[in-house]
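Hi,

Here is the structure I said I'd pass on.

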Amino acid sequence: MIEKDKIKDFLIQVGPFRLLLVGLCGVFLVLTGIPSQKADKHLTEQVKTTEESLTSENDRYASRMETKLKEALQNVKGVGKTKVMITLSASRESVVNKDNPYEESEEQQEGNDKKTSKSVSKQEETVLVEEDGDKIPYVIKEYEPEIEGVVAIIEGGDDPLIVSQVTEAIQALFHVEAHKIKVLKMEDGS
């Protein structure tokens, strides 16, 4: 009986409105905390699509750079026929525009009690634009993927001067370190 009295006293102190409010908050948290399978499936599909898009976009970029490099090298005296392979270390990176709201407040109190407080708040929010009914981040700058390494297979690969010139050309074009560039002699008849 003592425990029942304690429970009744507690319920009277808390009040039925507060108990109902706490119960509803608990139900809300439980319902919002359970991920739906449909949302998880959609998110997984969206991630796969993004990964496939980035991979094909990277492949297209590497292919364009290979074609340009091959065309440039084939026009250099002594190089001859050329095959080129470029590897990338990362994918394209987009820099989005962000709002930078800044708040500052200062409070001083004079008299018997000297009280000074200062509050600084800085919060970043991504700027969104509407495109085809969807809100997407506003991109202000895009960086192409970084070139990790280059292999050039050339007919004139047995001439050290030509190899040196090709290596220097690749360094100048792609800002790749010399140890990440390999120039090889093309096999006869290729």
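This is a predicted model: local features need pLDDT of at least 70, side-chain atom pairs count only at pLDDT 80 or more; totals for chains, interfaces and linings use all residues.

A word on burial before anything else: a residue is called buried under 20% relative accessible area, exposed over 50%, and partly exposed in between (1.4 Å probe, protein chains only).

Residues are numbered from 1 along each chain as its sequence is written, and side-chain values use heavy atoms, with hydrogens and water left out.

Now the overall picture. The chain has 4 helices and 11 strands; these are DSSP runs numbered from the N terminus, helices being H or I with at least four residues and strands being E with at least two. Of its 190 residues, 15% count as buried. The accessible surface comes to about 15400 Å², with 53% of that belonging to carbon and sulfur atoms (Shrake-Rupley method, 1.4 Å probe; for residues, only the protein chains shown count as cover).

Back to Val 151, which sits in strand β10. Together with Met 85 and Leu 184 it makes a nonpolar surface patch of about 230 Å² accessible area. Patches take residues with over 30% relative accessible area and no salt bridge, joining like charges within 9 Å and nonpolar side chains (Val, Leu, Ile, Met, Phe, Trp, Tyr) within 5 Å.

Strand β10 also holds Glu 148, which pairs with Lys 180 from the loop between α4 and β11 (181–185), 32 residues away.

What sits in the loop between β10 (147–154) and α4 (160–174)? Glu 155 does, and it is partly exposed because its relative accessibility is 37%.

Finally, helix α4 contains Thr 167, which is buried because its relative accessibility is 15%. Leaving aside residues up to four places away in sequence, Thr 167 touches Ala 178, Ile 181 and Val 183, a contact being heavy atoms within 4.5 Å.

Cheers

Conventions
A salt bridge is a side-chain nitrogen of Lys or Arg within 4 Å of a carboxyl oxygen of Asp or Glu.
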